[in-house]
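Take a look at the model, then read on.

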Amino acid sequence: MSRIAQCYDSQSCIRCFSCMVGCGAENRVRLQRDKKRPVDKTVTDTLAHLLYLTPTVTESGVFPDARRITAFNHCRHCETPQCKPDCPVSAIITRPGGSVVILEEKCIGCQTCVGVCPFHVPVYSKEMDKSYKCIQCFDRTENGLKQACVTACPTGALFSGTHEEVVAEARKRSDFYSKSTGITFMVYGGDKINSVVGSLGWMTIAPILDATPYLLPVNPQKS
Amino acid sequence: MEFTRRDFLKLTTTATLLCPLSSLTFFIKDAAADDALLFDFSKEKKVPLACRMCAQSCPLMATVLDGRLVRMEANPNTPYAGACGRAMAAVSALYNPNRIKSPLIRVGERGEGKFRKATWDEALEVVAKKMVELRAVGEARSLAYLPRFNSAPGMDKEFFTIFGTPNVVGYGDSCFGNALQVGLGAICGGKADHGVPSASTTATSSDYEKASYGLLMGRNPGGGLVTYTWGVSFGRGKKNGLKVTVVDPRKPSEAGENDAEWLPIRPGTDPAFLLALMNIIFKKGYYDAPYLLKHTNAPMLVDLATGLPVKTREKQDKKEEVDYLVFDTVKGYVYSNETETPALLGSYLIEQDGGKIQAKTSLQYLMDESEQYTPAWAEKICDVPAARIIAVAEKLNRHKPRVFVDRGYRSERYASSLREKLLISTLNVLLGCFGVEGGVLWNRSASLKGFMHVEKPKEESIMAWYMKNDPNLKMASAGNYRRTYIRSILEGKPYPARVAVFYGQNIVGGSSGGAIIGEALKKLEMVVAISPFFNETTLFADVILPDATFMERDEAFNDNGYKSPVPTIGVNRAAIAPLFDTKNGYWIISQLAKRVLKPEEFQKYFSEYMEKGIQGIWEKQLSAIGGISDEEKAGITMETLLAKGVWTGKKKYGVSSKGTPTGKLEVYSLYMAKSFNELKVKKYARLDQASPLPRWTPPFWMEKKQILGGNEFIPITGFSALSSFTGAQTKDNLLLRTLGNKLDLDAVFINKTKGRTLGLKDGEMVEIINPDLPALKSTARVILSETVHPDALFSFYGIGAGYFTGLNSLLTNAAKTGFNPNHVSELQFSPLTGGMPSQDFIVTIRKV
């Protein structure tokens, strides 16, 4: 299996949050499929730790030249995941397509990954005494399906494929947006960002100037 | 690694015993394992649905696994496949334990929300007995049937019509009625409804995906409803380089956060902005002259004394249309079909019947009358800098005809809403973008044969009477009058109202004057609510009948609910059987019919359904298909419809009107001109509202106060993609609320500087009061934001608990605080349209 990737295009996104609700719903399907608890018993619980994709809103500027930016919080599926080598019980693995996954059964809730992640992604659940983050729907992708968030997106603002395909499409879009808007866009994570994280399995198309509110650090470091 | 399916099952069974219930265990042991193949997706069954999380019926595909509905996806078999967050959360509405699980009968006072369980037999009998009594004394008309999220399409309205009431009362006066319908219908044409040209919500689409530039007002395509097709098309547009300017008191992130231009406008003053745009379009000659010549009545000579065409005559080929006099430099005054080069502009003194008539071409008249509305004038009213208005006009000109001024959707917000919508239609015509690729296009739809053909009762509806007797309802929708129905209860006219049956319609929470409406309902002899969820209106019900959600029922094919350039037929199948003691709508209506109608009536109208069930409805529907080409018809069969779960046809561009008096797009509306004259005779007080000319009419709040005080706000609302109307399918939905909490969806948003001046801090609780109805208090968390105009208090529609906190114990997932302007407003009516000026009042806030 070649390396897979997905990309969030902040320009064609209509902020409908279908992706995020779809993520929470898919994790409930998994609970039912794994015979833990049927869906009808899980949609009555927030299961906040199983929301792998969440919004962070930052407001900038002063009225009337103000705006809000909604960043997407999620695992970047780094080429060189910093969480993986530091996990004391080897609970973090990389799937054949490059998806970085925390094995819940092995996780001992030590929160090392929470501490080292350059993007501050894994969430520790006190209730479960385990850490959680996006698994890039490897169960779906390895069965020929798209990720739940990508499937949910009505506008193609989230798209996926092989790493090569996604980088090519993302560059095409980014170059076009730079031309059409006069604002310089980037494909964050398409190329190697630095030697710490490498390139990413989840890229973002966003204006370079808005890197900070979109939570895209120029030089991410192990915390 | 050897890992068999048996091992997997063994492992998961063990896991059930060992793991906490909500943990998510992966049994993957190492990275090299290909054991993901153990996930057997082939066990998933797909069922087509037409989504009712809001009202748009977007085509979905549900996944059923082990007898449960587990997942929603867009139905891929359309050219605009897409579903929003609401749809993704449908599963959480379906299995919500707060649903109404059995029929209920009221035990407390109306409004208290205290009920006891009842059997279906008992509950149906109570309703049927009352209906039979009314019919026996010839008072069927005193029952009003108010549908919205009705689950028996093709049968419910028909049943109440057979019963004998002329009062099948639509909700649209709280949404699109009638500013949106007349605002397009008067200019571009629309079906005459009691003489009012009505172009419905589904009439047009902005061609977002092909447009270069557009203006969004009163609508955001991401948060607002209609993912199929508007949300999808808008996203494609952004990907294709569509630029937008958003004119809104609040900056909606849904329109784009990177490059969308935001012009904050004072609430309710959109027409001033639009008038200034028109002023510039004329002054700089930005209108599309060849387009106006070919497709519009711009050259029509208008008599300045009467406001009507100088002369008209019946068209030879189309008797229902009139031809009009124009001026041709070679031929002189001729009828428009006698020349291809009439003058677009000019003032004339025409000799006729011995007298002289002062006349102008329509376009000249519009141009002259718009002169007064300069950008500098508009700036003072709407607070958008003149230079920015001019810049917008320049952009529209540069990108035309691939431009749009978005028509919007939920129009009933201000007394000035009708003027806003008329101006939007006129601008789209002046720019030559109406009907053109990248502009605004007529939607297409297929029409299927109705399941039942029923005779309309001879008696007059409440609304027909009011429209005859109140000039303020001159342009109202005859079928959408739920708030005029309340007026009828309060005034006792034209005849006493005794019973109201609400079918998925939340009049108390969803229309302005909510608290007053609740009190009015207490005057009725019986209130019945059919609904899967509690809402404000159910609190006032004597009998509640819980119908199944859209996921638990087969429905008639959906042929007219789509806001789509491609004609669409939706399919809704039961993904699972009805939960709890709920019933599908067809069962409820046919059971009522059995008890209420005479045996021969029941036999006549219902035997086909009793014999064949839903199949009978579908067969009847497909027996006659209209509105589409023969080639398209040939592609529709029962088998393909059910297999694909949807049918779609082709998108078509083309400039045309739909039934204007002249057959042309009317930049000068003959309907408005005639209405103006009629209202003048009746000495109607707000004549400018009916003018065919550009006219500024202020919102109600501005008639009271030109400038707001330091603690005064206009309560504006907008849709979030994580909520819809006031129904609990979204309001009480845990999946939506979990995310909504991260986005402060239950808060009210005010301008940061103004908030600080009031001594408020971000996140504090405030009390919101309408000073005219001070007893109706609401509390909400306040967010201080730079993205809100100082005159506005913004809240997301349909989320806050508002005044009716009695629902909090019934809707345990919903926000416990928050604001709903509907609850605390007066029962005001917009001039001419009978609509609701839902945001057109002043509120104050104070720290709790």
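## Domains of chain B

In chain B, the C-alpha centres of domain 2 and domain 3 lie 32 Å apart. The contact takes 24 residues from domain 2 of chain B and 27 residues from domain 3 of chain B. Two residues are in contact if their C-beta atoms, placed from the backbone, lie within 7 Å. On the domain 2 side there are ten nonpolar, seven polar and seven charged residues. Here Ala, Val, Leu, Ile, Met, Phe, Trp, Tyr, Cys and Pro count as nonpolar, Asp, Glu, Lys and Arg as charged, and the others, Gly among them, as polar.

Chain B is divided into domain 1 (104-175 + 448-648), domain 2 (204-442 + 667-690) and domain 3 (700-847). These bounds come from an automatic or database domain assignment.

## About the model

This is a predicted model: local features need pLDDT of at least 70, side-chain atom pairs count only at pLDDT 80 or more, and totals for chains, interfaces and linings use all residues. Residues are numbered from 1 along each chain as its sequence is written, while chains are lettered from A and ligands numbered from 1 in the order in which they are written.

## Where the chains meet

The contact between the chains takes 68 residues from chain B and 75 residues from chain A. On the chain B side, α7(B) gives the largest share, eight residues. Helices (H or I, at least four residues) and strands (E, at least two) are DSSP runs, numbered from the N terminus. By class, this side of chain B has 33 nonpolar, 21 polar and 14 charged residues.

## An open sheet

Six strands of chain B form an open sheet, in the order β5-β4-β24-β23-β22-β6, with mixed pairing. Two strands pair if DSSP finds at least two bridges between them. The edge strands, β5 (115-117) and β6 (143-147) of chain B, each pair on one side only.

Strand β4 (residues 104-106) of chain B pairs with β5(B) in the antiparallel sense, over three bridges. I105(B) stands opposite R116(B) in β5(B).

## A buried helix

Is α13(B) enclosed or open? Of its 14 residues, 14 are buried, so α13(B) is largely enclosed by the rest of the structure. A residue is buried if 20 or more other C-beta atoms, placed from the backbone, lie within 10 Å of its own, exposed if 12 or fewer, and partly exposed in between. Just after α13(B), G432(B) takes a positive phi of about 70°.
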